[in-house]
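Welcome to my notebook. Here I jot down what I looked up, one entry at a time.

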Amino acid sequence: MNAPSKHSSKRPALILLSCLVSSTALLIGLAGPASAADIKVDAPQEVTVGSDIEVTAVVTDAGDSLAGFEMFLSYVGTVGGKSGWVELASGITDESGAVTFVYEQTAYQAERMRVEFVDSDGTTLTSPFEVAVLDSGQLHTSEAGVSLGIIGVWWLLVVIGIVWTMVLLAVSGIVKVGRSSDLEHGPVRALPRFAFGLVAFTALGMFIVILSRPTMHANLDPSADFDRRPPALVGTDYDYVGLSNDGEVANRVDSSVQALGVSEDCVGCGGFGASASPGLIQADNPDQAELDEEAHRAGEALYVTTNCVGCHGIDARGAIVGPALVSVDDPNGISLSAFTEEIREGPKDMPVYSETRLTDDEIGLIHEYLFGPSGS
Amino acid sequence: MEPLTEMDSMEESDREWSDRLERRVLAPTQGSSRAFKFWIVGLATVMAWGFFAFYYQWRNGLYVTGMRDRISWGLYITSFVFFIGISHAGTLISAILRASNAGWRTPVTRIAEAITSVALISGALFVIVDMGRPDRLYHLFLNGNWQSPLMWDMLAITIYLTASVVYLYVPMIPDLAMFRDKLDGKVWKPQTWMYRTMAIGWNNNPRQRSALTKAIGILMLLIIPVAVSVHTVVSWIFAMTTRVSWDSTIFGVFFVAGAIYSGVATLVIVLAVMRKIYGLEEYITPTHFKYLAYLLATMALVMIYGNASEFITTGFKMTGEEAFAFRQLFVQDFAPIYWFYFFGGLVAPILIIAFRPTRNISGFVVASVLINIGMFFERYFIVVAGLRVPLMDYEPASYFPTWVEWSILACGVAGFLMLLTLFARFFPILAVWEMKEEHFERRREEKELVDLRVEQIQKELEAVK
């Protein structure tokens, strides 16, 4: 075996050095142009539910249009308390480096969105933006359902009518028995007549109840344009606030406005309105809104967990049972003292909330959430 | 229709049988024993305690119960479903057997029909107890929303209760007339007045008999579909939701089968007790119990099949929250009551009825008690375990009834027993005229057979001569 020469012993080091230099040059060459790429997004700042939204994104590299690249439009979605970016649409850039995405706005909450660009090397560039959703009075309406003309309230009335007719025929048999009697028992005739009257009254009452509200199920009457608003927002975690087994109020919010289990990174917190500003009707002063963010969150949590939401709806604009609490025409709503009085007295069959159940401070927080800082 | 009684054409033995039957049925109305009074006082005490508990709940709200926002139905709705189920006893035994003209039914129909009406009243009251503000019940009529299965329930139960009460009353008219005639001047005056009023002048003339037969015929046909619809609608207050373990297409069938099962079991218990107390051994015979027990065994098999069909189809896929529902039902919190229901309430009754040593009235009563406990447990885990499945990202809640709920349940059971006891005390517990009719019909057939045979023998003898 020959001993290695001095010349040959330097060769690996030179090869290593040249590899290092060339790979660095290559990296610089590749990364350099990508970092110069830029995305310009043209999206509406305010949208309404149910409208088709157009978002145009143009990607350029040092002024040159990048054609033939794929771009993605995503929004932050939340399911079961977990949030993440959800792809909404994708497209290939045209000769001018532009892609136009079209989507339908279905949710009534402010959207955090982004356009994503991946170049030929897999490098990702994102451009985030926000879209505010204006109150359009009506949330997303589904036209789902199968209209079957034969099934409706009239059909129900026919079936019930047959049933009650049979009951009344049977009871008229009792009347006939009494009338056919050969015995002299004056007062006994009254019972069959009373029974017939009672059954007829019950049957009539049932018909009136049905006819007074002849609405059928939305699935059988899609044209009725039923409001299929979700019963609650998904994504915000609320601890149970209420009476526990021993009669104590669990998870009571204190006046220092502790966070009520509203997760910090949750999306859609304060999302009932168009932004995270206090009050379902936006406050005029955005600085004031930021100052009251904590109180707003606590008020929102109370509004949901005390179950105001159950009757007055998630946007406090009223539902089947409870009237609207807020209105665009009257953003300040009622005064705190009047609000407190209503909660304590329970007008129009509303449940009464005593001091044990809901303190004055808590009522103040709900008021603040609904109408903005008290007195504003 | 033949005359209801044939006293003139009766032989001496038939006359004795008829008189004995009337004496038996009239006996409870004549006075109360000491044990009876103790029993009534005991039931009244339990009910008074229950009323106090209800008053306490009304004053303080539903928070005095174990129900909270996540498990918002508990013992009350369990009892509601259970009692509505029991009410099927009368429908099945009385209407179906009457429609199929099964002669053996006559001694048990009246008690079955009484159970139906009493159980329906008890069951419907539990819905009101479950309301946080029962004083707002009228809103159901003023502002009811037809898209809600709760309104369907209101509709179905109102019709069923009306039809059941009429169905209990109409076939009782001739017997009330018998009470009026036989007890006049022998009992408390208001009692006499009640019989006279309720008998509505029945004197067994052809026009009355024709009207009565028509009325019974109409009710008999009506009450079967109404009863089936009631328990189907009761199941729909669960099945119309998307909640895991309730969202099932088999619920309607399953609830109707379960209702017939627990209803017949209750009938067996009540029949056994009344037979013993009022000495009805001659009329309610071991054969009646045997037929009812065979019906129970059949229904137990249907229930086992229902369990298998439901749990194998959902368990095979085990989608979403189904795994949680299965775990808590079969191996965790609700496992003791589920397996008691399955082995104690479904398998054990079949074995008791199948094996000769236990195939007797005592055995059937034990089986029926097991069935009723098992079926109550079944209703409990359907309601509570179903609500416990978390459909969102939160910890499963816990529920255990408080003293208020137990007290009101005890009141409901006591009320059910009280109404049945009072019914037996003041009203004819056996359908006397139907039993007589059936008895004479059988005797006539026997006589005709004998005459025919005698005629044949005479002809044969003449031929031989």
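**Entry 1: what counts as a helix.** Before reading on, I noted that helices here are DSSP runs of at least four residues, numbered from the N terminus. I also reminded myself that this model is predicted.

**Entry 2: ring pairs.** How many aromatic pairs does the structure hold over all chains? I found 40 of them. I opened one, formed by Trp49(B) and Phe52(B), and it is tilted, with 5.4 Å centre to centre and 35° between the planes. Where do these two residues sit relative to each other in helix α2 of chain B? They are three residues apart in that helix, which spans residues 34–60, so about one helical turn separates them. Next I checked how open each one is. Trp49(B) is partly exposed, with a relative accessible area of 46%.

**Entry 3: a pair across the chain.** I then turned to Phe311(B) and Tyr338(B), whose rings form an edge-to-face pair at 5.9 Å centre to centre, with 85° between the planes. This pair links distant parts of the chain, as its members are 27 residues apart. Phe311(B) belongs to helix α12 (residues 286–317) of chain B, and Tyr338(B) to helix α14 (residues 335–354) of chain B. Is Tyr338(B) buried or exposed? At 3% relative accessibility, Tyr338(B) counts as buried.

**Entry 4: charges over rings.** I looked for charged ends sitting over rings and wrote down two cases. In chain A, Arg114(A) lies over the face of Trp85(A), at 4.3 Å from the ring centre. In chain B, the charged end of Arg379(B) sits over the ring of Phe255(B), 5.7 Å from its centre.

**Entry 5: two helices packing.** I picked helix α5 (residues 106–130) and helix α16 (residues 403–426), both of chain B, which pack at an angle of about 150° with their axes 10 Å apart. Angles over 145 degrees count as roughly antiparallel, and α5(B) and α16(B) are therefore roughly antiparallel to each other. Their crossing is right-handed.

**Entry 6: cysteines.** How many disulfides does the structure hold over all chains? I counted zero. I still looked at two cysteines: Cys308(A) is buried, at a relative accessible area of 17%, and Cys411(B) is buried, at 12%.

Definitions and conventions:
Residues are numbered from 1 along each chain as its sequence is written. Chains are lettered from A and ligands numbered from 1 in the order in which they are written. This is a predicted model: local features need pLDDT of at least 70, side-chain atom pairs count only at pLDDT 80 or more; totals for chains, interfaces and linings use all residues. Side-chain values use heavy atoms; hydrogens and water are left out. A disulfide is a pair of cysteine sulfur atoms within 2.5 Å. Buried means under 20% relative accessible area, exposed over 50%, partly exposed in between (1.4 Å probe, protein chains only). Rings of Phe, Tyr and Trp (its six-membered ring) pair if their centres lie within 6.5 Å; planes under 30 degrees apart count as stacked, over 60 as edge-to-face and the rest as tilted. A charge sits over a ring if NZ of Lys or CZ of Arg is within 6 Å of the ring centre and within 35 degrees of the ring normal. Axes are lines fitted to C-alpha atoms, for helices over the stretch in contact, and angles run from 0 to 180 degrees between N-to-C directions. Angles under 35 degrees count as roughly parallel, over 145 as roughly antiparallel, 65 to 115 as roughly perpendicular and the rest as oblique. A crossing is left-handed if the near helix is turned anticlockwise from the far one by less than a right angle, and right-handed if clockwise.
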